[in-house]
Amino acid sequence: MDIATHLFSALYQFGDAFAFLVLSACGLAVIFGMMGVINLAHGEFIMCGAYVTAATVHAGLPLPLGILAGTLVSALVGVLVELAVIRHLYDRPLDTIVATWGLSLIATQGTLIMVGSTMAGVGTPFGSFQVGDYSYSIYRIVLFCSALGVLAALYALFNWTRFGVLARATIQVPHMAAALGVDTRLIYSLTFACGAGLAGLAGGLYAPTMTLVPTMGATFIMEAFVTVVIGGADVFLGTAPAGGLLAIVKSGMTSWQGQLFGQIGLLVAVIIVVRVLPKGISGFVLRERT
Amino acid sequence: MSKSVLRGLRAAALTGTLVLGSSIGSQIALAAENPIKMGVLEDQSGDFAAATIGKVHAIQLAAEEINKAGGIMGRPLELVPYDTQSDNTRYQEFMRRVLQRDKVDVVFAGFSSASREAYRPIVDQFNGFAFYNNQYEGGVCDGHMIVTGAVPEQQFSTLIPYMMEKYGKNVYTLAADYNFGQISAEWVRKIVKENGGKMAGEEFIPLGVSQFSQSIQNIQKAKPDFVVTLLVGTAQASYYEQAASANVNLPMASSVNVGQGYEHKRFKPPSLKDMYVTTNYIEEIDSPKSKEFYAKFKAKFPSEPYVNQEAENSYLAVYLYKQMVERAKSTKREDIRKVIAMGDVCMDAPEGKVCIDPKSQHMSHTIYLAKVGADHSISFPKTWEDIKPYWLGEAGCDLTKKDPMAQYTPSNPPPKP
């Protein structure tokens, strides 16, 4: 086998791990980074997105529209959760952990009771392609591009739009933003909805490739939290480089020693990074800058 | 408040008391009948729920039928169910509870081998009596346990030689990384070697992993003739969809898929194409007994997604228990084991005739080779009747003489006397 084949396979594995880490972490990073809320129901927003996507595809919608529906429904659920629960706990950050954990238990068990123990899958589109001896799934490339797209879209949203400016102002000095006439409650709601929607998007994108069960969110949770912990509070300076770094660790370790070592590698990387950079990669970059 | 309303309330309160009184009365009547209590510890939520809710339903169905027909020795069968949440510590908690507080006569418990090994010492400690109604990696030689599920000598020594003959001798194992996967992989290794084949590779996947791109590439690199998939839990089942979309296109062999997690119903065709499974029951089995069982199951639980192997194991286990208690005229473990020692505890189960082997307290089975087609329809290229759970007995486990309360594997057989 020639070098090009090896190089492509390494790149593909990196891209695949990167996409999974970034897509599962983005929603969590927005909610944690912008609002300081640690959302333990993150996995259940992902599950919600996946279920709505699968249900709408079963009802006859094409997959892209199904994913859009999954994203929107998750965002809508996010608004409701923010209004009903999170809003009242902004000055009690530790309590939001308990509250969102409770929500996650209710969501998992509620789905099990109402929808049943499994849902039929929708099948992965696009087929496969061949490079050297290996064949690859085209949809995995789509996932990688989606991850890049999500990062680009978030960058544009928070830097180039009026909502982005208001959101950042609200996050930096809430009472000053409020004094200048910004409806901070609305901004918080929308930001939370944005994070929930991103989780739903991750669920929708991965729905065709996975088992659809009420506990499916749990398989995203470790990767999501590891990425956010390493990345720190900033989505762009944190999540993206953290995703890159962890993807190298994970795909390298997995191809060397198998899945177990891939997971061990991830956790060791977290311990090292948290020890050396307590505020994550973005905290380090921002401190260097000032 | 007007007088009439008050009067109404008083009447209601009075009726309430009456209803309460009568229900107490019926409870006393029930207590007089002295029910046989059966603890049911199965995962009704969590990662394994998809495969195990059917077990609880099967036990409920059997109990209802038995109670309608007059119970066991005239005593009603009372179920004491707990949801073990796919969590090993819950098993330990609830096993202590059913044995110590609820004082059940027998416990039906466990899906994953990790959960069984978590609760088994507690059953031994409190001198309980438990049924493990699940296929597993084999080797449990414990007088407190009866295993109604199939074991490797029933599932692998039929399946692996068939696959090697049909597809070739290079075998790759992809297994869940815990006692079940590790010991099953050891069995596969042993049987492949005995049949002159070679392991092209092996990989163990931690439970809960759902992303398989790298494993898929490792398999393609090793170029096996077929892949033995011993993946457990719903997260790991994502492998099939991902392998199909990467066009791996290799035949698969398994002792756990289809028969437990009905993956051929859950995933879109053709992701499970050319999957071969040895199982002692699935709902597609086309025999009058099987059809009758399936019809009864669906009549009671119309929304049941699939009637799987473990549901049948659980169902027949209730009837086996009834037979043993009635023959022993007692629910005591020692008396029941005397009946087992006679070697003729058999019944006509939905799968065919099954018998309990007195040496290992495991069960003989009819083993069906199920093949999943491109459209996910099931065909049965081969059936093996009356395959005995011989390995433990041949290796030296004899529960009629000695109860070591241990689990053995091919590399760790019972000590020679």
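**Note on a predicted two-chain model**

1. In strand β13 of chain B, G352(B) is the residue that faces A349(B). This is a predicted model, and the remarks below should be read with that in mind.

2. The pairing around this point joins β12(B) to strand β13 (residues 352-357) of chain B through 4 bridges in the antiparallel sense. The open sheet to which they belong has 3 strands, ordered β12-β13-β14 in chain B, with antiparallel pairing. Because β12 (346-349) and β14 (362-363) of chain B each have a single partner strand, they stand at the edges, and one side of each lacks a neighbour in the sheet.

3. Helix α12 (residues 309-328) of chain B packs on this sheet, where β12 and β13 of chain B are the strands touched, and the helix direction makes about 140° with that of β12(B).

4. The axis of α12(B) also comes within 9 Å of that of helix α13 (residues 333-341) of chain B, the two crossing at roughly 100°, which means that α12(B) is roughly perpendicular to α13(B). From α12(B) the contact draws on M324(B), V325(B), R327(B) and A328(B), and from α13(B) on D335(B), I336(B), K338(B), V339(B) and I340(B). By class, this contact of α12(B) with α13(B) comprises 6 nonpolar and 3 charged residues, with no polar ones.

5. Between the chains, the contact involves 36 residues from chain A and 33 residues from chain B. Elements of chain A that contribute two or more residues to the side touching chain B include α1 (3-35), α4 (93-115), β2 (134-137) and α5 (138-160). That side of chain A consists of 22 polar, 11 nonpolar and 3 charged residues.

Key. Residues are numbered from 1 along each chain as its sequence is written. Chains are lettered from A and ligands numbered from 1 in the order in which they are written. This is a predicted model: local features need pLDDT of at least 70, side-chain atom pairs count only at pLDDT 80 or more; totals for chains, interfaces and linings use all residues. Two residues are in contact if their C-beta atoms, placed from the backbone, lie within 7 Å. Ala, Val, Leu, Ile, Met, Phe, Trp, Tyr, Cys and Pro count as nonpolar, Asp, Glu, Lys and Arg as charged, and the others, Gly among them, as polar. Two strands pair if DSSP finds at least two bridges between them. Axes are lines fitted to C-alpha atoms, for helices over the stretch in contact, and angles run from 0 to 180 degrees between N-to-C directions. Angles under 35 degrees count as roughly parallel, over 145 as roughly antiparallel, 65 to 115 as roughly perpendicular and the rest as oblique.
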